Structure formats: structure tokens, C-alpha cells
Amino acid sequence: MGDLKTVLRDLGNILIAVGAITLFALVAPLYFNEGYGIGPILLTSAVFFLIGTPLHFILRKTEPADFKTAMVTAALSWLFIPIISAIPFLLIGFDKTNPGVTADFLSAFFECMSGWTGTGLSMFSKPSLLPYTLQFWRTYMQWVGGVGVIILTLAILARPGVGSYILYKSEGREQRTHPSIVKTVRTIWWIFALYTVIGVSLLVIIGMVTNNGMTVWQSLNHGMTALATGGFSVTDDSMMSVGTSSQIVVVILMIIGAIAFTAHFHLLKGRLRKFLSDAQLRAMILLLILGVLLLTFINFSNPSLHYNNNFLLALKESGFQFVSALTCTGFNSANIVNWAESAKLILAIGMIIGGAAGSTAGGIKLFRAILLSKGVSWRIKRSISSPRRVFVHKFGGRSLSKEDAIDFIDEAAIISFMWVILLMAGIIVITFIFPYETLGNVFLEVSSAQGNVGLSTGITSMSMPSIGKVMLIFNMWIGRLEIIPVIVLVRSLFGLRRNIL
């Protein structure tokens with residue numbers, strides 16, 4: 001019973017924090033004179049407060065979180081927050097030309113799960129027709145969710161202590177910029193806000209001095225979702241009609257968002273050597289070079305894409321798409337539906353690997369990919385070497401004992417294996433629902449959902465069967481939480497049921 005109280009107390013704190021920041025979304029309806037958008041945003045904030053406040057005050061003296069309660073809290077938070085956040089989509093028409101039509105609950109829930117998890121798959125094929133209130137609400141969810149709702153809560157409400165660190169780890173983060181967790185999360189938000197201002201400003205300036213840049217509104221929304229590696233757009237064709245200069249800025253923002261915040265901290269402190277020595281950064285650069293070159297070769301060799309010997313165009317489109325895939329952003333500058341199956345496979349592999357741990361990106365994470373590759377290398381070397389040979393296990397510039405190395409590799413292997421198993425489950429379900437879709441399209445769509453990316457082959461839509469929406473919602477949820485919190489939640493629910501019975 002004590003564990004349940006701790007979970008509810010921490011869940012209440014998180015809902016209060018999200019309720020408070022929800023009020024900032026009123027900027028859009030107030031600025032654009034969309035009076036019909038004010039009530040739904042206020043109602044959404046009120047629901048967060050009405051649920052969270054009693055839990056906070058009634059249970060505020062409960063014991064600090066431990067590993068189990070923190071994991072359950074994280075899993076429940078990332079489930080309930082998108083549900084409550086669906087209110088604006090249920091009350092505001094999603095089509096300016098037909099304002100009386102609102103989204104059904106499952107579509108609204110899907111959109112908000114996609115938003116908070118930074119996925120970018122959307123129920124709305126024409127986001128330009130969304131009222132400004134809903135456009136900004138989608139962007140705002142991705143911007144906050146990119147860093148994490150628990151990170152937000154710790155920055156606003158938490159007190160220093162072991163419980164705060166355990167909650168911090170529950171969202172898949174372990175690296176610190178300071179010994180204090182509260183200082184660490186506030187530094188993360190400071191870095192994130194700084195880059196957001198710089199990125200949006202650059203896009204606005206380019207839009208002012210070029211003919212094919214973005215408007216101020218587009219710059220704001222795309223700058224926020226690019227850095228958050230979210231991918232929600234306010235245009236119907238994402239980045240296709242945007243000029244090259246703006247696309248370059250967006251590419252830079254996507255890469256920045258996929259780099260760990262601790263690495264950015266070193267860079268901003270002038271520790272360039274430490275920044276460049278980051279193992280995940282080096283792996284990302286290598287994968288970007290290899291992926292872009294391979295994808296460019298495949299696309300340039302594909303006669304159906306009609307590049308007409310324009311290698312630079314093939315490089316531009318292929319490069320943008322692979323950066324979008326590996327950083328788990330989901331913007332697209334080309335129609336990938338017509339790409340070869342091999343090209344889609346490369347994009348899917350990029351989405352599965354993902355960005356750095358401790359960044360806003362999704363996927364299995366680069367550090368796990370590095371550990372698995374090193375584990376294979378270490379195993380091969382040990383198999384072909386003499387028994388007396390002493391091995392030095394290094395990762396990220398530091399030496400590891402044999403026991404620590406095995407533990408790290410085992411954890412990476414288990415998470416990666418479970419990740420792939422659940423990915424296969426999603427593929428089977430979506431293939432059953434859409435039997436006429438190619439396996440490449442289905443594989444890319446499900447990888448996009450579970451990798452929290454947003455690239456789509458057109459399978460995701462408001463008209464897709466409910467079971468498909470539920471499956472992809474589940475994929476997005478477990479992808480954001482990196483599986484373990486969901487497993488702990490399920491085991492806890494079964495344990496609670498046995499106690500009740």
C-alpha cells in the first residue's frame with residue numbers, strides 16, 4: 001500500500017507541473033483571437049490540477065520513490081498525460097473549413113501520445129487546416145515531451161534527494177551535468193531553451209531574407225519540434241516546399257537534439273575536446289556519413305525517382321531523410337512512399353538505432369548500439385586469443401572491469417532484444433490489418449512509431465482501424481519509456497490484483 005501511495009503522490013506532482021505549463025499554450029488562442037480555443041486549454045489545465053493537487057497534498061508525507069515506484073510512476077505518467085491532453089482535440093474542430101467536426105477520442109489520444117513522446121505520426125493529413133490553437137498545442141507537447149515530463153517536474157517541484165535521482169533515471173537518463181539532480185535538470189532546460197531561441201531566430205531571419213523560407217509562425221513551430229526531434233509540422237508537406245537554407249538549419253537542429261545534453265554542457269563550457277570525445281557523438285557522425293552515402297547511392301540508382309543524373313539533389317533528399325530518421329525527428333523533404341524497399345530498410349534501421357541516450361531522440365539509443373558492437377568484438381577477440389591474454393574493456397574513454405563490461409552488455413542486449421520482439425508484434429498486427437501493404441512500408445511505419453520518429457508511408461491516418469491505432473499507441477508508449485517501466489507496471493498491476501483477491 002505504501003508503494004501505491006508513493007506512486008500516486010509522484011503522479012500528482014507530475015500532473016500539477018504539466019497543468020501549470022499547459023497554461024502557456026493560451027498564447028496561441030489569445031494572439032490569434034481564437035476565443036473557442038481558450039476554454040479547452042483552460043479545461044485541460046484544470047483537469048491536470050484537479051487530479052494532481054489532492055494526490056500531492058493528501059500523500060505529501062509518503063516515503064520517497066524507489067526503483068519500482070519510479071518506474072510505475074513514469075509508465076502511468078506517459079499514459080495519463082496524453083489522455084488528458086486529448087481534451088482540446090475533442091472540443092475544437094480540426095478543420096478550419098468545417099469547424100464543427102472534432103476528432104474521436106482514439107484519434108485524439110493517438111495524436112497526443114505521438115506529441116508527448118516526440119513521435120510525429122499524425123492523424124491529420126492536412127495540419128495547415130488545424131486552428132492555430134491546435135497547431136501550437138501539438139508543437140508545445142513535443143517541445144516539452146522531448147525533454148521529458150518527469151524532468152520538467154523535477155525542475156519545478158522536486159527537492160534534492162535520492163528519490164529525485166531515481167525518478168530522473170525512470171525516464172531513461174543517468175548522466176549528470178552537476179552532482180545535484182535538481183541543478184542538472186534545470187541546466188538541461190536552460191540549454192534546451194537557449195538552442196530553441198537560436199534555432200527559431202535563424203529560421204525567422206532566413207524566412208525574411210529569402211523567397212522560399214518559412215513564415216514566423218512556421219519558424220516557431222518547426223524550430224521547436226526540430227530541436228525536440230518531434231517532427232510535427234504546420235504545413236501539409238512537412239519540409240518539401242521549404243528552401244535549402246531553412247532545411248540546413250532544420251538538419252542542424254535535428255542533430256543537436258539527438259546529442260546528449262551532457263555533451264552540450266561541455267561544449268557550452270568551452271570543453272571542446274571533451275565534447276568531441278563523446279562516444280555517442282562519434283558514433284552518430286559515423287552512422288550519418290555511412291547512412292547518407294548508402295541511401296544516396298540507392299536512390300540515385302533508382303530510375304523511378306527521376307533524379308536525371310542530378311547527384312546533388314539525390315544527396316540532398318537522401319541526406320535530409322536519413323538525418324531525420326537517425327535523430328528520430330520525422331520531418332521529410334521527399335516522398336518516401338516511392339523509394340525502393342532497400343532505401344526504406346535503411347531508414348528503418350536508422351530509426352531503430354536512434355540518437356544518443358540523454359538527448360531528446362528515441363530508438364534503442366546509440367550507447368546500446370556501441371555496447372553491443374563492442375561486446376561482439378570483445379567476444380571474438382577472446383575466442384581467438386590465448387587464455388592468458390589480459391583484455392582491457394574500454395567504453396567512452398574509461399576502462400571497465402570484466403564484470404562491469406558484462407553487466408553493461410547484458411543490459412543493452414536484453415533491452416534491445418525486448419525492443420525488437422515488441423517491434424515484431426506491432427509489425428504482425430499492422431500487417432494483418434493492412435494485408436495489401438508491402439512489408440517494407442509496414443516495417444518502416446512500426447519502426448517509426450516505436451522509435452518515436454514520425455516518418456510515414458501513409459499507413460497512419462484517422463481512417464485506420466481502431467486496433468491499428470491502439471497498436472501504434474502502444475509502440476509509441478513503450479518506445480518512449482524504453483520498455484522496463486511498462487514491464488514493472490504490468491507486474492505491479494498483477495501483484496496488486498493478487499493482493500486484492
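View 1. Leu202 is located in helix H10, and the structure shown is a predicted model. With a relative accessibility of 41%, Leu202 is classed as partly exposed, because that class lies between the limits of 20% and 50%. Leu202 belongs to a nonpolar patch on the surface, together with Trp190, Leu194, Ile198 and Leu268. The accessible area of these residues together is about 450 Å². Helix H10, which covers residues 181–209, supplies the largest share of the patch, namely four residues.

**View 2. Leu293 in helix H15.** Leu293 is found in helix H15, which comprises residues 279–300. Is Leu293 buried or exposed? Its relative accessibility is 52%, and Leu293 therefore counts as exposed, since the limit for this class is over 50%. Leu315 stands 22 residues apart from Leu293 along the chain, and the C-alpha atoms of the two residues are separated by 7.7 Å.

**View 3. Helix H21 and its surroundings.** Helix H21 spans residues 466–481. It contains 16 residues, and the distance from its first C-alpha to its last is 23 Å, close to the 22 Å expected at 1.5 Å a residue. Why is H21 described as largely enclosed by the rest of the structure? Twelve of its 16 residues are buried, so the helix is largely enclosed. Among the buried residues are Trp477, Met471, Met476, Leu472 and Ile473. The list of buried residues in H21 also includes Lys469, Asn475 and Arg480.

**View 4. The loop that follows helix H21.** Just after H21, Glu482 adopts a positive phi of about 60°. Ile483 lies in the loop between helix H21 and helix H22, the latter formed by residues 484–500. Although Ile483 is not a glycine, it has a positive phi of about 75°. The relative accessibility of Ile483 is 2%, so this residue counts as buried; the limit for that class is under 20%.

**View 5. Ser238 between helices H11 and H12.** Where is Ser238 placed? This residue sits in the loop between helix H11 (216–227) and helix H12 (244–257). Ser238 is not a glycine, yet its phi is positive, at about 55°. Its relative accessible area is 8%, and Ser238 is therefore buried.

Methods: Residues numbered from 1 in each chain as written. Predicted model: local features only at pLDDT ≥ 70, side-chain atom pairs only at ≥ 80, totals over all residues. Heavy atoms only, no water. Helix = DSSP H or I, 4+ residues; strand = E, 2+ residues; numbered from the N terminus. Buried < 20%, exposed > 50% of the residue type's maximum accessible area, 1.4 Å probe, protein only. Expected span 1.5 Å × (residues − 1). Patch = residues over 30% accessible without salt bridge, like charges linked within 9 Å, V, L, I, M, F, W, Y side chains within 5 Å. Areas by Shrake-Rupley, 256 points an atom, 1.4 Å probe, with all protein chains shown as cover. Salt bridge = Lys/Arg side-chain N within 4 Å of Asp/Glu carboxyl O.
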